[in-house]
Amino acid sequence: MRSLNKGVFFIVLIAILGGILVARSNFFRFNSTPQLIDRLPESDYLVRLKSLQFSKEINPILFKYKLPIREFASPDFMLGQAKHHGINIQTAAYLFFNEARDEWGALVKLNDSSKVINGIDRFRKNTALTDSSTDEVRIFHFNELNIKIAYEKNYLFIYSGNSFTKRLSEVQHVKSGEVRPLWKRFLKKKEYRKEHLVVYSESEAIKSWGFDYGLFAHDNDTVGLHIKCFLHTKVPHGLVKKTKALGLPRTDQDSKAIELHISPKIKESETGKKMIGKLHEMGKKISFPTRAFFDDWGGDLSFREGGVVNSTQRIITSEFDENFNVREVIKNERIQVPGYTAAFNTNSNGNVFINSLFGKGLLRSEDQKLRFLFSPLLSMKHEDSFYIFTSASRFPTLIANPGNYIVWEYEGTPVNLRLGKVKRKSIELQIDFPVKPLINYLQRTKSRKKKG
């Protein structure tokens, strides 16, 4: 009996040691098939797309504006076509593209790779393509479209760019469970996890503004598109909304509006310094003293452009008196000029900034008023800590807590950027614009391509 117990003990011990050796050798992982997320190449921008859900979301827009693509983009049609061609669109697809927009790629899951050739043959009837398949992978080049398609048993890779061989190698030669670091960081994020289309970036464009990554998603209705942005920093970014702020009232005539009310201490944080540096580069085009502005700024900034306002203009005319002697007569004439108003507060050194505007020729005196570059003549008032400039005959009354937003009309389309939740290491923004101008732009672009 004792010898039997020893035999069982040794068998169990050998089994445990064998299990440890197999686990350390990654035997099962080595022989398992890589998942789609293991194959994903890295780039400046990464995208997760839930095709069916996204189709359901945008379908009302397509039908409202009677776009020709609406029938082909419907969920039922897409699902039927995907099944016919062996493509699984009930799971997420993944895309990537670079900062220069000259390279992009997409990976989708296949249920039956033998059916993909049906779709290839349909394209073959209308466009020239080259077959460069190997024993390992089927490869087709759509030369006119500058698109290449490669697929194996469980994935389909679509690519446009100049590094197809390199990217295909990255897709093919992977091990199970070895998701690339950039994708691993993206897929772990909790923000926008339930969204149907999400873009993630750690690109230089994001980092140059002082953030380590950005996430982007969207909402829409039949009228407007709403882009959501989540920007994250590794250390506190220093942007804090002011609890007590003064700004300009909003009117329907405003084609451009800025309301920014934050703690001026943002200039002390690393993110703030990078933001100011980017704004400084923009301001250099007109020699604007950006750094001097932020040195003296009190945290409130309002700007309005749009419509026309009543103003007065000083006119000097020559008239004859009763003795027919010529004399100069000064009159104030009521006129209408483009509406411009700006208001901002400063610390005790605000006059230094104003003088720098005069010194650079951006602000100059004219007819007892002021002109900023090519603006209409402006009146200026310095009250408490605020400087107010306006082209109207009367100064506006500032209102309390007007919000934080920018409205900018681009080619007749109003784009509204709003500052949302602000936490120590994250900032949320939302960009709203109407759908119809975007659709008109896409249709014009498509028409130009056809004519070309």
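Trainee: What covers the buried residues of α7?
Mentor: This is a predicted model. In it, the cover includes strands β1 (45-49), β3 (93-97), β9 (197-201) and β10 (213-220).

Trainee: Which residues of α7 are buried?
Mentor: Helix α7 spans residues 181-188, and Leu182, Trp183 and Phe186 are buried there.

Trainee: What makes them line one face of the helix?
Mentor: Look down the axis of α7. The buried residues fall within an arc of 95°, so they line one face.

Trainee: Why is Thr271 called buried?
Mentor: The cut-off for buried is under 20% relative accessible area. Thr271 has 2% relative accessibility, so Thr271 counts as buried.

Trainee: Where is Thr271, and which residues is Thr271 in contact with, leaving aside neighbours within four places in sequence?
Mentor: Thr271 sits in helix α9, residues 270-283. With those neighbours set aside, Thr271 is in contact with Trp209, Gly210, Phe211, Thr233 and His237.

Trainee: Which residues have the most contacts inside the largest nonpolar core?
Mentor: Phe344, Ile354 and Phe389 do, in a core of 28 residues. Helix α11 gives the most to this core, with 3 residues.

Trainee: How do you know that Phe344 is in contact with Ile354 and Phe389?
Mentor: Contact needs heavy atoms within 4.5 Å. Leaving aside neighbours within four places in sequence, the contacts of Phe344 include Ile354 and Phe389, and also Phe293 and Trp297.

Trainee: What does the second, separate core include?
Mentor: That core has 27 residues, among them Ala92, Trp183, Tyr192 and Phe230. Trp183 is also one of the buried residues of α7.

Terms used: Residues are numbered from 1 along each chain as its sequence is written. This is a predicted model: local features need pLDDT of at least 70, side-chain atom pairs count only at pLDDT 80 or more; totals for chains, interfaces and linings use all residues. Side-chain values use heavy atoms; hydrogens and water are left out. Buried means under 20% relative accessible area, exposed over 50%, partly exposed in between (1.4 Å probe, protein chains only). Helices (H or I, at least four residues) and strands (E, at least two) are DSSP runs, numbered from the N terminus. The arc is that of the directions from the helix axis to the C-beta atoms. A nonpolar core is a set of buried Ala, Val, Leu, Ile, Met, Phe, Trp, Tyr and Cys residues joined through side-chain atoms within 4.5 Å.
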